[in-house]
Amino acid sequence: MTTMTGTPAVTGAVGTAHTRIEGVAKVTGAARYAGEIPYAELAHGWLVLSTVARGRIRSVGADAVLAMPGVLSVLHHGNAPRLDTDYVGLLGKPDPTLAVFQDDRVPYLGWPVALVVAETSEQAREAAEALVVEYDEKPHDIAFAAGRDGTYTPENSAVEKGDVEAELAASAVVLDAEYTTPEEHHSMLEPHAAMARWEDGRLEVVDSNQGTMWVADELAKLFSLDPASVRVRSEHVGGGFGSKGIRAHQVCAVMAATTLQRPVRVVLTRRQMFSLTGYRSPTVQRIRLGADADGRLRAFAHEAQNLTSTVHEFIEPSANVGRSMYASDAHHSVNRVVRLDVPTPTFMRAPGEAPGSFAMECALDELAEKCGVDPIALRVRNEPDAGPVSGLPFSSRNLLACFEEGARRFGWADRDPRPGVRREGRWLLGTGVAAASFPSGAGPSTAAVTAEADGTFTVRINAADIGTGARTALTQIAADALQVETGRVRTRIADSDFGPAWIAGGSMGTRSWAWAVTAAAKDLREQLALGGTIPPEGITVRSDTSEALAALAQKERYSFGAQFAETAVDVTTGEVRVRRMLGIFAAGRIVNPLTARSQLIGGMTWGLSMALHEEAVRDAASGGHVGADLAGYHVAANADVPLIEADWVEDTDADDPVGIKGVGEIGIVGAAAAIANAVWHATGVRHRHLPIRPDRVLLAGAAVPAGAGAGAGAGAEGPDA
C-alpha cells in the first residue's frame, strides 16, 4: 500500500507537444480495430441492398441461398426480430433506416433488404451476391434544385432581425448571388464495422463509433433491453467525421447474434457506405447583402436549401453560419428542405458551417470587390461587439487577431487587388482569404479517477478517440489536474460501462471530457492531500458536469479563424493548383500542439478537397451513384496538397476549467471559400459552384490565350455563376 503525501510539483503537461500514447501500437499493428478482433465461433454477416430506388419487396429467394456452403441464416422483413423505434434518443427521433427488415418498403437505392450470415466472410459475400430479391418498382424522384416542388421550411429554421427588404432598398451596394455545393461523402480510412455477441446475459458490441454510450442507449431502446444489459466498446477508431453513430450494420449484427446465439460481425464495404452511413447533402444557397458605399453591412440574408430522404428529416444548417459572424442592421437566415428518394444525409465534418461558409465568405469577397474595399478591411468594418442576432456577449472573440497575424505571415499587404494581373508562364496566380467559425460547446459527462496503490492513477471516461489524439490530451489534462507526470497516468476510454459522456462530435468531445476529468482529478488530489494510506483497491473519485454546465451564463461561444490561400490556374487546361495555405485560429487553449496542428491541417486539406475535387453524382435513371467508390469519388491526394501551415493566437476560454474550445472542425470552415476567392483573383472569374473543376474553369472563359493583357477577364462570371 502507498502512503498519501502532500501535493507534488505542477507538471505543465497541457500546452506541450506529446506524441500519441497509442501511436506505437497503431503503426506496429498491435492496435486492433472493430473488424479485426478474433472471437471464437465468429460468424460473418453480409448486407444485401436494394437495387431499386423506390418500391416494395415482392419476394426474397432465401431458400436457394440457405443451401449454399457455410450459410447459417438469411434475415429479411419476413423473419427478422421486431424493433421499437418509438423513442427519442440522444439526437432525437431515430432514422427509420435503423429499423432494418421491418417491412417491405424500399425508399431509396441501397436500402438494406437482407442480411446473409455465414461461417466465413467469403461465404457470406458469395451468398449475398447470389440472393435474388424481386421488387414491385415505382417511379423515383431524386432531382434537387432551388425552390423545387415540395420544398418546405422546418420548424424553428428561420431567424430574423430588422427589415431586410427595407435595408436592401436603402443600400448603396447590393449583392444577390446563388451558390451551390454538391453531395459529399465521409471517406474515413476504417470502414464501419461491428461485432455483437451475448455473454452471461449481456449484449456486448465491439464497434467503430463516436460514442459508445450513444450506441448502447440506442441499441437498448431498439431491442427493448435493459440499458444495463448492453455494453459497447470502441477502443480504436479509424476516423468518424460525423458518420460513425448508430447505423444499420450494428443493428444487423445484434439481430443475427440474437437469432443464432453466437458472435456475428458485420463490416460494410466502401460501396455500401455510400448509401448506408450518411453524407453531406448538396446545397443551394442564396446570399443577399446590402451595404453602404464603404462596405458597412445594412442587410444580411442567407437562404439555404438541402435534401433529405422520404423517411427521415435531416437539416444541413448552412444558413446558420452568419448568425454569429457579421454585424448588420437587418438579418434574415433560413434553412429549407425537400424530401427525395435518396438516403438520409447526416453530420459531416463542420455540418452547416462548411458549405455555409463557402457561400457567405465568397459573397463577402464579392461585396468587397463591388465596394472597392480590401476583403480583410471589409470584415473588420463589420466586426460585431456582441452576437449579431442574439445580442449575447461572446465568451471570447479573437477573429481580428487571426486576420492580423495571418495577413502578416501570408504577405497580404503586398497583394495587388486587381484580378488577373499575376502570371508565371501559362499559370495565372491569385490569393484569397476567408473567415472561419465553429460553435464551442460542451455536453454533460461523467468521469472516474483512481489513485492506485502503486502510485499511479487511472482515468476512466467514456470518451471516443476517433484519430484526434483525445486519449493523449486527456492524459495531459489529468496529469496537470493531479499535479503528477503524464507517465503516472493511464487513461481508459470508449467503454459504455464507464458511464455517460458526450460523443466525439461538434468539436465538443475533448472539452466535455476534460471538464469531467479535471473535476474528478482535483477532488481526488484534495483527498490525497489529507494524508493516509491508499488501500489495494485504490481510491476513486467520480464527477458529473451536468450541474456545472447548466449553470453557465448564456454567451456566444465560438472558435474563430482566418484562412489564406494562393492558387495557380493553368490557362490552357483549366487546372487549378493550390500553392500554399495558411490558417490562423483562435480556438481556445491548445492542449497538445502536435495533435491540434494535425487536426487543423487535416481540416484545411478537407477544404481544398471540397473546393477542387469532391462531388458525388447521382444517376437520374437508377437513383444511385455513378461511381460509389474512391475511384469515382475524387478526394485530394498527396500530390494535390501543397504547403499547409496552421497556427493559433492566444484565446483561452475563461468559462472553461482548462480554457478549451475545440479544433476538430474549424479547419475546414472557410478553406474552400479562400481557394475560390483566390481563383477569382487569379482569373477575374467568379466560381459560385463547387467543385471548381477544370471543365468549369475552361467554360467560364478563364483560360485566356497566351499573350493576353494583364487583367484579362477581370470581373467576369462563369456561365454557371
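Q: How many cavities of 30 Å³ or more are there?
A: Three. A cavity here is a set of points on a 1 Å grid over the protein atoms alone where a 1.4 Å probe fits but cannot get out. Bear in mind that it's a predicted model: local features need pLDDT of at least 70, side-chain atom pairs count only at pLDDT 80 or more, and totals for chains, interfaces and linings use all residues. Residues are numbered from 1 along each chain as its sequence is written, and side-chain values use heavy atoms, with hydrogens and water left out.

Q: What lines the largest cavity?
A: His 185, His 186, Arg 270, Met 273, Phe 274, Thr 277 and Gly 278, each with an atom within 4 Å of a point.

Q: And how much space lies in there?
A: About 40 Å³, taken as the space filled by probe spheres set on the points.

Q: Switching to strands: what's the order in the open sheet of three?
A: S5-S3-S7, with antiparallel pairing; strands are DSSP runs of E, at least two residues, and two of them pair if DSSP finds at least two bridges.

Q: Which strands stand at the edges?
A: S5 (105–106) and S7 (133–137); each has a single partner strand, so one side of each is left without a neighbour in the sheet.

Q: How many bridges join S3 to S5?
A: Two. In one of them, Gly 55 is partnered with Val 106 of S5.

Q: Where is Phe 347 found?
A: In the loop between strand S16 (330–340) and helix H8 (353–371).

Q: Is Phe 347 buried, partly exposed or exposed?
A: Partly exposed, at 36% relative accessibility, because that class lies between under 20% (buried) and over 50% (exposed).

Note on methods: Helix = DSSP H or I, 4+ residues; strand = E, 2+ residues; numbered from the N terminus. Buried < 20%, exposed > 50% of the residue type's maximum accessible area, 1.4 Å probe, protein only. 1 Å grid on protein atoms, 1.4 Å probe; cavity = no way out; pocket = protein on both sides within 12 Å on 5 of 7 lines; lining within 4 Å.
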